[in-house]
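Subject: the structure we talked about

Hi,

Here is the structure, as promised. Have a look, and then read on for what turned up in it.

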Amino acid sequence: MNGLANASSLFFLSAGLSLIFGVSRVVNMAHGSLYMLGAYIAYTCASKLGGMLGFWGGLVATAAALALVGTLIEVLLLRRIYHVAELFQLLATFALVLLLSDVVAALWGVEDLLGPRAPGLRGSVEILGHNYPQYDLFLLFLGPVVLAGLHILLSRTRWGTLVRAATQDRDMVAALGVDQAKLFTAVFALGSALAGLGGALETPRQPANLGMDLSALGDAFVVVVVGGMGSIPGAYVAALLIAEIKAICIGLGTQHIAGVAFNFSKLTLVAEFIVMAIVLIARPYGLLGRAQGMPRHAAAMEDPLKPAGQALRLLALAVLVGLLAVPLLAEASPYTVVLATDVLIAVLFAASLHFIAGPGGMHSFGHAAYFGLGCYGAGLLLKLAGLPMAAAIAGAPLVAALAAALFGWFAVRLSGVYLAMLTLAFAQIVWAVVFQWETLTGGSNGVLGIWPPAPFNRAGIYYLLVLGLTVLGVLLMRRILFAPFGYAMRAGRDSPLRAEATGIAVLKVHWLAFIIAGSVCGLAGALFAFAKGGISPETIHVSRSIDGLVMVLLGGIHELAGPLVGAPVFTLLQDSVMRQTPYWRGVLGVVILVLVLVFPLGIAGTIAAWARRFAR
Amino acid sequence: MTSRRRFAIAAAAGVLAAAMVPAAVQAQGVFKIGELNSYKSQPAFLEPYHRGWQMAIDEINAKGGVLGRKLEVVSRDDGGNPGDAVRVAEELVSREGVNVLAGTFLSHLGLAVSDFAKQKRVFFLAAEPLTDKITWQNGNRYTYRLRASTYMQVAMLVPYALEAKKKRWALVYPNFEYGQSAATWFKQMMKDKQPDIEFVTEQATPLGKVEAGPVVQALADAKVDGIFNVLFGPDLSRFVREGTTRGLFKGKTMVSLLSGEPEYLDPLKDEAPLGWIVTGYPWDKINTPEHKAFVAAYEKRYNDYPRLGSLVGYITMKSLAAGIAKAGGTDTEKLISAFADLKVDTPAGPVTYRAIDHQSTMGAWVGRIAVEKGKGTMTDIKYIDGASVQPSDAEVRKLRSGE
């Protein structure tokens with residue numbers, strides 16, 4: 001019963017996201033931010049106006065305000081980039097996350113703001129000997145009511161019919177003369193209003209705070225994916241399932257199983273991701289989801305890969321020479337060497353992600369898992385097994401490859417967002433295990449004292465090691481892409497059916513690609529561990545996975561040079577903006593937005609397009 | 001190429017160039033302090049902290065600085081994760097040329113920077129992190145820590161919990177090192193003094209995502225006499241509201257870590273849970289002249305009252321000034337020696353940096369939560385000196401044997 005109220009609030013949070021994704025395929029990272037904005041606006045209404053009007057009127061006002069915000073975002077930003085690669089909206093909405101978090105901090109301050117209780121529903125009622133808050137009871141009933149309302153809206157109205165049609169085949173809807181632009185705007189506004197309402201309804205239960213955006217985002221994605229993207233009833237069923245499982249874990253508390261005490265409440269850290277992994281393995285499109293028709297011509301078909309021309313090779317050589325010269329700066333500007341080391345590790349990380357996300361077409365949202373496992377593999381081999389650094393660095397990719405082999409085996413069987421979410425679920429499970437396994441991994445504090453031995457303790461020398469391995473890793477992956485294996489991989493991405501027909505074992509090829517990417521990523525992780533002298537669970541955290549995607553997209557996902565450009569730009573931007581201003585998140589968000597609008601194919605992608613136009 | 005594009009490229013190039021500027025030359029006539037903290041990820045605590053240290057620095061410099069030289073703080077956001085924090089620390093050391101680092105809030109960041117300080121042989125004053133490891137298991141000679149550790153804060157509360165003479169207890173804590181170690185210490189210290197104690201249930205909740213309804217229900221079903229709480233921040237607000245609505249706290253002894261700190265107590269307003277025994281910072285009830293002067297100066301300057309973060313930030317910089325004065329400069333080795341048994345007069349009273357484990361004796365206030373004028377506050381307050389809640393020296397040496 002306690003789970004039911006939480007299920008309702010999870011449902012409000014995720015229904016909007018599901019709707020938006022179902023129709024426009026936008027992976028809306030800003031959904032959690034809209035939810036947070038809703039909570040803050042509702043707080044202001046409820047506490048400044050007060051009373052019945054402030055709270056209940058505030059709910060309506062919040063929904064309306066968020067609908068407006070959603071409309072603005074859709075019209076001013078998203079509409080400009082629908083035509084480019086599908087995932088590119090992720091980058092734009094990620095920038096919004098950064099921006100909105102600073103906007104909210106600037107407007108409302110940094111203190112947690114606990115709203116007043118809901119007028120009329122302040123107390124509790126006794127049910128079966130337990131006190132149950134009236135407001136929870138209200139939420140419990142409101143969930144199904146909103147579900148029914150949305151269901152009627154979608155199935156009984158003409159507008160709903162169009163939305164459902166667009167969910168299944170938006171090109172056909174367009175061909176029938178429906179104004180897609182208006183439809184998309186309306187859906188985005190409705191989704192945003194639902195997010196805002198979800199946030200507003202939470203104010204009597206939890207304080208509006210600046211951490212809401214990201215924690216809500218994770219929950220929303222899980223619910224939407226478990227339920228099936230675009231399925232509103234699915235979202236409700238999923239919310240119910242997850243909330244109940246958590247409630248049961250908490251209710252069990254500490255249990256003694258075969259003499260061993262096990263605290264079930266610790267499972268709540270990861271329960272939803274375990275559910276998501278199991279559901280996706282058993283039902284690849286979520287509980288109530290259906291396979292989605294491929295959008296036709298979502299992005300222009302990519303040209304076949306071309307080996308680098310003379311000019312490009314010369315450029316690469318010049319960059320390499322420049323990079324080799326960096327240690328000469330060790331005296332004059334030691335920080336440059338340190339920063340350059342970080343940049344190179346980011347390049348290797350992003351390049352390994354690009355390997356499967358670009359040519360492989362598998363958008364991994366959990367790539368940090370292999371980075372982190374490389375980190376921990378190297379660190380623990382050094383600390384516990386007492387191996388020297390070289391062996392630890394060599395062993396790390398194997399650890400990551402093992403994990404990639406296991407997770408990849410399941411992941412390559414899915415596609416699109418479901419694949420992305422399954423990789424995310426695996427990454428979160430790895431994260432939770434590392435986070436909890438105090439005795440082996442040092443728990444939340446991680447492992448310290450992993451510094452490279454002489455002569456690598458000098459920044460310049462270590463930098464050269466990182467440079468050598470990064471160049472090796474990048475060239476190796478490039479070589480693979482130009483080998484028959486790489487062609488098979490791209491064939492499997494572009495047309496799985498035809499590829500199978502020509503005798504390519506698509507699953508096997510993609511699985512191998514996944515393992516290769518995982519092990520290269522593990523190498524990056526090992527280098528990171530020694531560069532930082534320690535490791536912590538944050539190396540596996542979802543925010544690192546997202547950083548990786550941002551780097552790839554910023555550089556251009558369809559360009560081999562994409563990650564080589566995106567990773568340095570992102571790392572250097574973050575480093576310098578962070579130093580300049582306390583509002584670095586907002587500034588970074590704005591810069592990324594500008595880059596998104598100026599370089600709609602990613603930086604490398606757009607420049608390559610200009611070059612092609614110029615050559616003609 | 002449109003002008004907009006050209007502008008964007010120029011801007012990007014400018015940013016890149018800025019990142020490559022060679023090391024700034026150390027300004028003459030100042031002592032530079034490198035400060036780093038998770039300003040963006042923990043703003044509620046760290047904004048007041050920033051104000052606190054800024055005020056201390058301005059006070060020190062208005063009086064002519066230290067040894068005739070001004071103090072200059074180079075402050076950075078540490079990105080909220082250890083990887084970035086270590087890079088930022090590198091930047092402060094190698095580019096800004098500081099050899100004194102201060103700051104950090106989260107335990108794992110504090111530990112990472114502490115290990116970095118050891119590797120690079122620079123001095124580090126950890127301001128906020130509570131983890132016991134930073135002075136014990138992972139303690140190193142380059143690192144001192146200001147705030148009372150998890151162990152110390154639990155030890156301050158245990159006598160009150162024992163006094164209640166309750167048999168059945170439950171624990172609720174955030175599921176990461178801080179919460180786990182607080183729970184472990186509480187169980188150990190209670191069991192030592194009250195062998196018949198029973199710990200009926202434990203709820204370890206994900207940080208920032210407590211499922212308040214089911215957790216409160218589970219605690220109510222456990223039929224306990226006392227609850228030890230370690231939740232803080234938004235988790236605390238959810239727990240308190242849900243628990244109050246469901247009548248969980250009625251007739252139970254509630255013992256709670258950090259809940260009396262304004263950062264966590266103030267959001268609850270008039271719903272602050274009455275009678276909880278807490279550690280905290282009742283800034284308006286501390287009547288020593290030095291603390292009143294601190295509050296007056298702070299309110300005058302910022303038109304706002306101090307939070308615990310303000311006090312911690314203020315004492316951090318005052319301690320560094322005292323240490324630098326005693327060491328005759330910022331030489332790492334001299335500073336390490338100077339901090340050993342360094343006495344600093346602070347608004348919280350005299351504080352000593354222990355030579356044995358590099359922990360300061362800054363204490364905390366213990367009292368009961370009350371509501372006055374629609375706001376949460378503490379009553380029956382007592383300042384407990386950090387020196388009085390330490391394990392024996394022999395135990396400390398054993399804990400710190402890793403060095």
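The centres of domain 1 and domain 2 of chain A, taken over C-alpha atoms, are 30 Å apart. Domain 1 covers 2–282 and domain 2 covers 332–615, with bounds from an automatic or database domain assignment. Where they touch, domain 1 of chain A puts in 31 residues and domain 2 of chain A 33 (contact means C-beta atoms, placed from the backbone, within 7 Å). On the domain 1 side, H4(A) has the largest share, 12 residues (helices are DSSP runs of H or I, at least four residues, and strands are E runs of at least two, numbered from the N terminus).

Keep in mind that this is a predicted model: local features need pLDDT of at least 70 and side-chain atom pairs 80 or more, while totals for chains, interfaces and linings use all residues. Residues are numbered from 1 along each chain as its sequence is written, and chains are lettered from A and ligands numbered from 1 in the order written.

Now chain B. It has 13 helices and 14 strands. Its radius of gyration, over C-alpha atoms, is 22 Å, close to the 22 Å from the globule rule for 403 residues, so chain B is as compact as a globular protein of that length (the rule is 2.2 Å times the number of residues to the power 0.38). The C-alpha trace of chain B spans about 65 × 60 × 45 Å along its principal axes. Beyond its neighbours within four places in sequence, B:Leu101 contacts residues including B:Gly34, B:Val113 and B:Phe124.

Cheers

Notes
Contact = placed C-beta atoms within 7 Å.
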